[in-house]
Amino acid sequence: MTVARTITEQMERASWIRRMFEEGLRLRALLGPENVFDFTLGNPDVEPPEAVLAALRKYAERPMPGMHGYMPNAGFPRVREIIAERLSRATGLGYTANHVIMTVGSAGAINTVLKAMLDPGDEVIVLVPYFPEYRFYIENHQGKLVAVETDANFRPDPKRIARAITSRTKALILNSPNNPAGVVYTAKELAEIEQVVAGTEVVVITDEPYKPIVFDAKRMPETASFITRSVGAMSWSKAQGISGERIGYLAISPRLESAEELRNACTFTNRILGYINAPAIWQWVEADAGEAVVDISGYETKRNCMWKALAEIGYECHKPEGSFYVFPKTPIADDIAFVRRLAREGVLTVPGSGFGRPGHLRISLTVPAQTIERSIPAFERAFHSPD
Ligand code: PLP
């Protein structure tokens, strides 16, 4: 067999993505593209901020000598210094360039740190519902995913997390604002999680690509200010609508006692994984324009519209506080059957089972507002359909 058994099994696990894609093609041919409402992909539908494009033009037109060559494996020192200054300002902690490693997006950041930390059989805790790729990232490095339930509103439960920690637990991944549930962890919740991990060897990987996408004029707390043993996996994919550019970084907390050891290991794994450091030009663009954020008001309007319409129909739905997803309960327990029912109405969504929380479905808001408005009658028909 050419393809490894593990990859064959992982592809089978991920096959609902392909199935939804194929279903989309079939439905477009059957119903006409204007009658298909595709809410499956979380791909930003806003253009990058002007400051980002201006920085990109600047470095394209006036590159610094040698700018396009190899750089140290952790990234350009000056870029990392600028990012460290921003982190220090935000958290009050003493980040330096040595705590920052430029990566290929958040996916690259998580793989880099997991590769550095995991021996075969080591455990990584994730909170349900979770970004499905975590399982593959963990398994890439022979780790074992340990899923810990949250409550009905997707709030973390410190007692459950504490019970899941074993002598093999190396890391806990926190994802706030959350994909798929839209939950944003509060300062109190972060402080409670800190109580659980303090005094253990567990490192908290905080995956925060949706960090600035928080609604109702709120801001999310600075996780590293609360969690001592934190390693941030950061990305500009969603904050700046540049998910195709794949630029991000790891921020190792200066309070982590093994910060230097972990930094050395991550600098090595960032290279040997073959992602081979973040692209040069994007490192410099983010040194200039890393604080620019897309206009999130469109996401908030769409969140309001979708959430209100679903609630009026009768769907039980936690109001997302951030990210760009809505994650309602399905009116029947079998989320896969319900997702199929919606597909018959021309609405494509992702079953909650894919995120470890059956009985729900994920709706991505990265579509035009009119798509949401036009899709509502189909959500209503599916809700009341007898089968
Ligand atoms: N983590 C979460 C929770 C995500 O939703 C995504 C992308 O959708 C990623 C990580 C990967 O982000 P990046 O594009 O920065 O690799």
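**View 1. Pro129 sits in the loop between strand 3 (123-127) and helix 6 (133-140).** Helices (H or I, at least four residues) and strands (E, at least two) are DSSP runs, numbered from the N terminus. The structure is a predicted model, in which local features need pLDDT of at least 70 and side-chain atom pairs count only at pLDDT 80 or more, while totals for chains, interfaces and linings use all residues. Residues are numbered from 1 along each chain as its sequence is written, and side-chain values use heavy atoms, with hydrogens and water left out. Val128 and Pro129 are joined by a cis peptide bond with omega at about 0°.

**View 2. Phe154 and Arg246 carry positive phi values, of about 70° for Phe154 and near 55° for Arg246.** Most residues other than glycine have a negative phi. Phe154 is placed in the loop between strand 4 and helix 7 and is buried, with a relative accessible area of 4%; buried means under 20%, exposed over 50% and partly exposed in between (1.4 Å probe, protein chains only). Arg246, in the loop between strand 7 (230-235) and strand 8 (248-252), is partly exposed at a relative accessible area of 39%.

**View 3. Among the 14 residues around the ligand, Ser106, Asp207, Tyr210, Ser235 and Lys238 come nearest.** A residue counts as near when one of its heavy atoms lies within 4 Å. By class, this shell has five nonpolar residues, six polar and three charged, and the element that gives the most to it is helix 5 (residues 105-117), with three residues. A polar side-chain atom of Asn179 lies 2.8 Å from an oxygen atom of the ligand; for Lys238 the corresponding distance to a ligand oxygen is 2.7 Å, and an N or O atom in the side chain of Tyr210 is also 2.7 Å from an oxygen atom of the ligand. The protein covers 93% of the 390 Å² of accessible area that the ligand has on its own, with areas taken from the Shrake-Rupley method and a 1.4 Å probe.

**View 4. Glu291 forms salt bridges with Arg86 and with Arg89.** A salt bridge is a side-chain nitrogen of Lys or Arg within 4 Å of a carboxyl oxygen of Asp or Glu, and the structure holds 25 of them. The N to O distance is 3.8 Å for Glu291 and Arg86, a pair that links the loop between helix 11 (280-289) and helix 12 (297-313) to helix 4 (residues 77-91) across 205 residues. Arg86 is buried at a relative accessible area of 15%, whereas Glu291, at 54%, counts as exposed. The closest N and O atoms of Arg89 and Glu291 are 3.4 Å apart; Arg89 lies in helix 4 and Glu291 in the loop between helix 11 and helix 12, so this pair ties together parts that are 202 residues apart in sequence.

**View 5. Glu321 and Arg155 form a salt bridge, with their closest N and O atoms 3.2 Å apart.** Glu321 is in the loop between helix 12 and strand 9 (325-326), and Arg155 is in the loop between strand 4 (144-148) and helix 7 (158-164), 166 residues apart. Arg155 is buried, with a relative accessible area of 16%.

Note on methods. A polar contact is a pair of N or O atoms within 3.5 Å; within protein, one must be able to donate a hydrogen and the other to accept it, and residues adjacent in sequence count only if both atoms are side-chain atoms. Ala, Val, Leu, Ile, Met, Phe, Trp, Tyr, Cys and Pro count as nonpolar, Asp, Glu, Lys and Arg as charged, and the others, Gly among them, as polar.
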